[in-house]
Amino acid sequence: MEDDGSVPRHSCLKLEPRESQPIFVKGTWFDSRFDLSITDGLNAWVCHASEDAVRDRAAQWDQPVSEYVSLAERYLGFQHSDSVYGFTDAGDGHKRLSWTFEKEGTKLEWRWKCQPSPNSKETTAAVLDFLMDANVGLSFLGVLNSKKAKLRELRDKLSKQEAAGKLPQEEEESTDKTETYVSDDENSEVESLKDPPATSKDIPSSRSRGRKRALQK
């Protein structure tokens with residue numbers, strides 16, 4: 001198999017073509033070519049888009065090769081709701097994979113013919129293994145993100161509770177102090193009522209004592 005020297009990129013898409021059962025499309029993308037492995041879970045097909053084939057297609061659409069590959073990767077790496085996908089019979093067990101897109105206000109359709117895989121079980125297993133590995137990685141990241149979100153939620157909740165808890169506590173303490181103060185005042189008032197202020201009858205007069213002394217002399 002030819003190699004253009006670029007580092008390959010991989011994608012795997014569960015595609016729901018129009019008027020066809022769902023299929024899985026695994027793509028291996030290079031700068032100037034790409035390979036597709038397709039399975040419906042039982043049968044499998046492959047498409048080897050060589051450098052020459054991609055160059056011819058790109059020339060037909062007046063596009064650079066790298067742009068053609070990038071656009072194909074975009075539509076076969078993720079199903080676009082505004083695109084019409086097809087996976088139809090092309091005779092002799094072959095299938096034709098197609099998708100539409102708009103360019104400068106014009107709706108275009110790209111089609112690639114896929115041949116039956118020489119080993120459907122092996123191709124299907126390779127696609128599903130890649131999909132499972134990708135899902136495990138995504139699930140692991142999902143678990144980490146979920147845990148981080150829960151930790152942030154818990155931290156924010158504790159912060160709010162702490163902030164809300166300090167204020168009532170301070171208010172409660174000030175209220176207790178106020179009640180104690182009022183209670184002390186009330187006790188003081190009660191005590192003052194029990195022990196009325198001394199009157200002039202209870203306080204000996206210094207002048208009276210002075211007169212008594214004067215008389216005695």
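Me: What makes lysine 26 count as lying over the face of phenylalanine 130?

Reply: In this predicted model, lysine 26 is placed at 5.2 Å from the ring centre of phenylalanine 130. The distance cut-off is within 6 Å, and lysine 26 does lie over the face of that ring.

Me: Which ring has arginine 57 over its face?

Reply: That ring belongs to tryptophan 112, with arginine 57 at 3.9 Å from the ring centre. The criterion asks for CZ of Arg within 6 Å of the centre.

Me: How many aromatic pairs does the structure hold?

Reply: There are 8 aromatic pairs. One of them joins tryptophan 61 and tryptophan 110, with 6.2 Å from centre to centre and 50 degrees between the planes.

Me: Why is the pair of tryptophan 61 and tryptophan 110 called tilted?

Reply: The centres must lie within 6.5 Å, and planes under 30 degrees apart would be stacked, while those over 60 would be edge-to-face. The planes of tryptophan 61 and tryptophan 110 are at 50 degrees, so the pair is tilted. Tryptophan 61 lies in the loop between α1 (51–60) and α2 (65–77), and tryptophan 110 in strand β7 (residues 106–116), so the contact ties together parts 49 residues apart in sequence.

Me: What makes the pair of tryptophan 99 and tryptophan 110 edge-to-face?

Reply: The ring centres of tryptophan 99 and tryptophan 110 are 6.2 Å apart and the planes stand at 75 degrees. The angle is over 60, and therefore the pair is edge-to-face. Tryptophan 99 belongs to strand β6 (residues 95–103) and tryptophan 110 to strand β7, so this pair ties together parts 11 residues apart in sequence.

Me: Where is glutamate 104 found, and why is it called exposed?

Reply: Glutamate 104 is in the loop between β6 and β7. Its relative accessibility is 77%, and exposed means over 50%, so glutamate 104 counts as exposed. Phi of glutamate 104 is also positive, near 55 degrees.

Technical notes: Residues numbered from 1 in each chain as written. Predicted model: local features only at pLDDT ≥ 70, side-chain atom pairs only at ≥ 80, totals over all residues. Heavy atoms only, no water. Phe/Tyr/Trp six-rings, centres within 6.5 Å; stacked < 30°, edge-to-face > 60°. Helix = DSSP H or I, 4+ residues; strand = E, 2+ residues; numbered from the N terminus. Lys NZ or Arg CZ within 6 Å of the ring centre and 35° of its normal. Buried < 20%, exposed > 50% of the residue type's maximum accessible area, 1.4 Å probe, protein only.
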